[in-house]
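Colleague: Can we go through this model together? I'd like to start with the sheets and then move on.

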Amino acid sequence: MSALNIILGLFFILLFAGLILIYSLPRMNKKPPILRKIEAVEKLKLAMGLTVEAGTRIHISLGNADLLSPYNGSALASLSVLEQVAVISQLADRKPIATAGNGAVAVLSQSVFKNSLEGKSITDIKESNQGQLAGTTPLSYTAGAINVIRKDQVSTNVFLGNYGTEVALLGQTSNQMKAITLGASDSLTAQAVLFAISDDPLIGEELFALPAYLGTKRIHIASVKIQDFFRWVLIVAMLAGAVLKFLGSL
Amino acid sequence: MPDRICPFCGKTNPEDAEVCMHCQARLISSSNPLSPSSSEAKQELSDWLNSTREDAAKNAGLPGVPSQTASGDSSQENTPEWLARIRERSRAEQEVAKADNSLFESPESPAPKTKESHPSKKAKAEEVKNEKPEEAWLEELRDEKDTMAGGEPGKADLGTPDIPPAESEDWLKKLDGWQDSPEAHPGQVKDEHGVWVKPFHTSDLKELGDHPELEAPTHVPSKKRPGKKEDPDQSWLEKTRQEAQKSEPPASVSPEEPIPDWLEELESSFPPPEPTKEKGVEKTKKGSGAPPVKIPPVGSIPTGSEEMPNWLKNIEPGSSRKSKPSAPAFIPGHDVEPLTPSQPLAEPPKEKPADMEGLAPAQLPSWLQAMRPVESVLPENLPTGETSGEKGSGALAGLADVIPIQEEAALVSKTSDSTPRLRVDDRQKVQAQLLESVLLEGSKAIEIPKPVQKKGRSAGRILVSLLITIFLAIPIVMGSNSRLMPSPVFFAPETVSMFTAIQTMAPNSRVLVILDYQPSLAGELQTASLPVIEHLMAQNAGLVFISTTPSGPILANTLAQLAQTATPGFDTNALLVNLGYLPGGAIGLQEFAQQPRYTSPITWTRFDAWSTPVLQAVTGLKDFNAVLILTESADTARIWIEQVLPTIPQTPSYLVTSQQSAALLLPYYNSSQLKGMISGIAGSKMYEMLLSKPGAAQFLWDSYQVGVILILVVILFGGIFSSILSQPKMTAPVAKDETP
Amino acid sequence: MKGPIACTVTIVVGLLILAGYFIASPLIQNIRFFLLEWAIILAGVAGIVGIFSLLRTHWRKVRSREFGSLIVILAFLATFFIGLFLGADNPQFQYVVTGIQVPIESSLMAIVLFSLVFAAIRLFQKKNNLMGTIFLISMFVFLVTSSSILGMAQSIPGVGAVISAIQTLPVAGARGILLGISLGGIAAGIRILIGAERPYIG
């Protein structure tokens with residue numbers, strides 16, 4: 001790796017982290033954040049409430065992402081969303097369930113459920129199978145998740161994480177069970193499938209913005225702001241590079 | 001300038017104040033009546049009082065003060081109505097005051113004692129009165145105070161009033177009148193004893209029964225009751241007198257106690273009333289030199305033995321206890337019946353008590369009527385009048401009709417949780433019953449019904465599935481003889497470049513084959529990668545297999561066996577190494593790229609990998625002649641291309657992937673990061689055609705092409721058909737049923 | 001007490017590995033590799049923990065009279081012990097993968113084909129808007145161009161260029177989405193690095 005690459009990379013990481021920290025300060029968050037309306041998020045909030053009222057379950061599918069892979073970002077974002085959902089839904093008659101296709105993510109999901117109960121006056125925490133490893137391969141995970149959707153009184157299915165085309169089976173099963181289906185993935189293939197299968201898909205980086213929409217933590221809102229900022233930086237850089245290359249070729 | 005003292009509250013006010021700042025009472029205009037130096041004000045006040053007295057005397061026929069001349073006559077002629085009313089009222093009050101006892105009764109040591117013991121005081125008082133009549137009453141008050149305090153008269157430093165006794169009398173009457181006026185008691189009404197209480201409907205009290213101590217004071221109209229005279233100032237006085245007869249003075253209160261300052265101010269602001277001739281009563285006359293009025297301590301007012309005025313005699317002691325009880329809204333300590341929708345609410349009794357027959361019950365508004373508590377609120381055993389009688393001990397000893405703290409405190413018990421009955425109409429009852437039923441149903445667990453799938457939808461699915469399956473199976477059943485679909489004419493450049501690169505590869509080259517596809521897509525990837533492996537085996541290239549999936553080594557072994565079958569001359573023992581499973585995903589790849597010997601020391605058969613002829617001279621990835629990636633996932637391919645291949649920029653890389661990821665990975669070929677690429681069955685078909693060696697791709701080509709066309713048709717027509725079926729049915733408007 | 005320690009370890013280790021990616025110091029590189037090896041081992045252990053959690057879930061279902069889970073448990077135990085005793089290179093053991101896992105997963109993937117077809121059919125009803133229409137049109141176009149149906153047409157010079165240009169269109173959109181996803185992944189990772197998110201504390 002060249003020295004320039006190293007410097008640019010370090011500068012980018014430090015700038016990203018610094019801006020997130022600065023924008024998460026209370027001084028920078030005096031006004032409520034203005035986030036664009038995402039229909040899928042509104043529907044997710046409504047679905048969570050309806051599920052709790054109806055006495056059914058919410059199923060959060062965390063995908064096949066491995067924490068050691070470059071796609072662990074989607075797994076981490078899914079765990080953030082799971083935390084928000086767990087806090088809301090833990091008082092329901094039927095506790096939410098999370099399924100994962102990776103052992104480490106399954107263990108973390110159990111930790112998230114346990115963490116969501118701390119500080120709450122909830123005595124019944126015996127439902128320890130809330131975070132499950134449904135399978136070790138994508139198709140075996142799909143088979144295990146289908147079993148959960150069919151048999152555990154699930155009325156809302158949220159597919160978050162890294163998937164392949166097998167997510168179509170999950171969505172079809174969810175539709176057959178007349179459940180609300182929402183999906184977000186960092187995989188392009190899965191996004192295309194979720195667009196056709198789910199009621200309201202989330203495209204692209206909307207998966208990473210979900211924690212900011214569902215929760216009120218300043219750090220999540222700051223992350224969304226900084227992502228937008230750097231997106232514009234990249235757009236300008238790419239356009240400038242294309243223009244310069246074009247001019248150079250003349 | 002001296003401050004003005006309010007005659008009602010006794011607090012000081014500025015000189016020029018006309019209204020008291022504390023109690024908002026109107027102060028004497030233009031001058032402080034207590035100021036000895038404002039002679040002009042005294043003169044004005046005298047004129048006003050004289051005129052008032054003159055009018056009253058004329059009306060009453062009493063000898064009055066010589067009236068004014070023309071101004072008085074003219075004032076009479078031009079008297080406004082309000083003034084006439086005031087004069088009439090003052091006349092009436094004068095009559096009452098004449099029959100009034102002295103406001104301040106003497107203690108057990110009556111006037112004669114003061115007269116005898118303080119003759120000098122009397123003489124002095126007479127002298128003061130003769131010289132300054134307006135100061136007589138004040139002097140008397142001062143003397144009386146001294147007597148009460150046990151000191152000599154004349155030592156109390158009281159302000160000398162400016163008002164003459166007659167004027168003070170009127171002033172006092174006005175004060176009494178104001179005290180007895182409704183303005184002084186907002187929101188209250190006068191009961192039969194003249195006590196101001198908050199209004200309470202008597203008809204509610206009739207339900208309570210005979211509870212003398214719970215008397216509801218009713219608003220007595222202006223018409224007086226026969227046989228009773230309203231005198232609020234005397235009613236409590238009588239009570240205290242009676243209580244003093246029954247009880248001993250408390251030890252804590254001694255006559256010897258000094259008079260507090262507030263009492264002094266009160267004495268100074270209230271001139272003594274006109275004394276009477278009744279025995280046993282403190283006689284204070286204007287200028288009589290009688291000792292000033294002495295305010296006895298609480299509970300020590302003597303009663304009973306002295307001769308009482310007629311009006312006072314008419315007030316029976318304890319008569320309030322015998323009167324009808326007044327029922328409060330809620331009585332603590334008594335349980336009430338819970339309100340149930342089925343129980344009818346009790347209606348209040350409509351009979352009137354005997355002594356209230358002459359009164360018409362007030363008409364309550366409907367909202368107030370609904371808030372009325374009914375008899376179920378009230379306890380059955382209300383405390384009797386004896387319990388609320390005279391207090392025997394404590395600070396309120398000797399006083400009757402006070403709040404019986406001790407007795408009723410014992411009756412206080414924990415209030416019941418039930419709510420008092422309210423007036424509920426039929427509609428509200430129905431709503432309450434409905435709510436109750438809803439709440440009861442909500443506690444029952446409802447079994448969630450399983451979703452019922454539409455029958456038509458399953459038939460359509462079965463039909464479409466069968467159609468696709470049959471059309472896909474026909475070419476396979478027909479075998480390699482099928483020529484349903486034409487072979488590709490246009491060869492993809494990435495496929496051609498890959499073929500060219502392998503074709504020109506040097507013999508005994510080392511190729512790292514990364515097998516990274518899932519068992520679910522083994523059919524397509526195996527079909528697509530088999531001709532490439534066969535081509536490499538035909539070139540006698542050394543193949544080193546490694547996988548990042550747990551089932552990868554087995555799939556690699558299967559692929560190698562299939563390829564060897566088509567290339568019998570390939571020495572698998574010397575030219576084939578399977579390094580097995582590489583854990584850690586992308587991290588493992590990076591580690592393998594930098595330290596392959598350390599990361600994968602043995603083969604999947606547990607032999608030393610780096611002692612084989614293929615790997616003996618290999619120290620790192622840079623020692624390999626080519627890298628071939630077999631994966632169906634675009635993400636996995638990107639990890640390899642972006643994470644590992646940059647470490648070996650001189651080593652050419654090739655990719656075999658699924659048709660679904662081809663479009664996403666083609667830019668890597670276009671950017672020369674990949675030297676060749678095969679995508680799916682179509683790419684494999686082209687490669688086989690280039691090799692001139694038909695294989696599995698040839699076998700599946702017709703089925704593949706037929707399937708693609710069939711799916712396009714099914715989606716197109718099925719979508720149009722389903723969208724037509726999903727349209728809402730247009731039904732004719734239903735004609736309104738016109739019934740006669 | 002567990003929370004601050006875990007958070008501190010996470011932050012320190014994350015910063016070391018990040019530094020090792022950029023800084024070529026041998027000491028930091030060695031520490032980075034050491035920590036990565038620990039991470040790989042822990043990932044494997046986490047996989048084992050997840051498998052035991054799955055077994056426990058199925059055991060609970062067996063106790064609640066769901067006997068399908070009993071078959072799952074028995075199959076797991078059989079595969080485990082056969083592989084333990086015979087070894088991964090034994091042809092009989094390989095049959096477990098090639099004869100059972102591959103056919104089953106391939107069948108499931110075939111069902112995915114039907115699911116996608118039905119989803120595409122229902123797309124006419126579900127998303128009857130501009131985005132849905134564009135999706136369907138693009139689906140048809142790329143299905144045709146990538147399946148070599150127009151193989152003969154591609155040999156025509158003009159048509160071939162157009163088809164090649166059309167095939168590069170999804171790449172442009174995909175690249176934009178991938179950039180946004182990368183930024184989101186960076187933000188998620190940085191939140192873990194600075195300790196703002198702690199899913200590991202439970």
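Colleague: Which strands of chain B does helix H25 lie across?

Modeller: H25 (residues 680-691) of chain B lies across E9 and E10 of chain B, running at about 120° to E10(B). Helices (H or I, at least four residues) and strands (E, at least two) are DSSP runs, numbered from the N terminus. Axes are lines fitted to C-alpha atoms, for helices over the stretch in contact (heavy atoms within 4.5 Å), and angles run from 0 to 180 degrees between N-to-C directions.

Colleague: Before we go on, what are the ground rules?

Modeller: This is a predicted model, where local features need pLDDT of at least 70 and side-chain atom pairs count only at pLDDT 80 or more, while totals for chains, interfaces and linings use all residues. Residues are numbered from 1 along each chain as its sequence is written, chains are lettered from A and ligands numbered from 1 in the order in which they are written, and side-chain values use heavy atoms, with hydrogens and water left out.

Colleague: Back to chain B. What is the strand order in the open sheet?

Modeller: The order is E7-E6-E5-E8-E9-E10, six strands with parallel pairing; two strands pair if DSSP finds at least two bridges between them. At the edges are E7 (576-581) and E10 (676-679) of chain B, each pairing on one side only. From one strand to the next the twist averages 15°.

Colleague: And which strands does helix H19 of chain B touch?

Modeller: H19 (residues 552-566) of chain B packs on that sheet and touches E5 (510-515), E6 (542-547), E7 and E8 (626-630) of chain B. Its direction makes about 160° with that of E7(B).

Colleague: How many bridges pair E9 and E10(B)?

Modeller: Four, in the parallel sense, with E9 of chain B spanning residues 653-657. B:Thr657 stands opposite B:Ser679 in E10(B).

Colleague: Now chain A. What is the order in its open sheet of six strands?

Modeller: E3-E2-E1-E4-E5-E6, with parallel pairing. The edge strands in chain A are E3 (131-133) and E6 (200-202), each pairing on one side only.

Colleague: Different topic. How many residues of chain C are in contact with chain A?

Modeller: 58 residues of chain C, against 67 residues of chain A. The two chains bury about 5,200 Å² between them, 71% of it on carbon and sulfur atoms; buried area is the accessible area (1.4 Å probe) that two parts lose on being put together, summed over both. C:Phe22, C:Leu183 and C:Arg191 supply 13% of the area that chain C buries against chain A, more than any other three residues.

Colleague: Last one, aromatics. How many pairs over all chains?

Modeller: A search of the whole structure finds 13. Rings of Phe, Tyr and Trp (its six-membered ring) pair if their centres lie within 6.5 Å; planes under 30 degrees apart count as stacked, over 60 as edge-to-face and the rest as tilted. C:Phe80 and C:Phe81 form an edge-to-face pair, 5.3 Å centre to centre with 75° between the planes. In chain A, ring pairs link A:Phe12, A:Phe16, A:Phe229 and A:Phe230 into a cluster.
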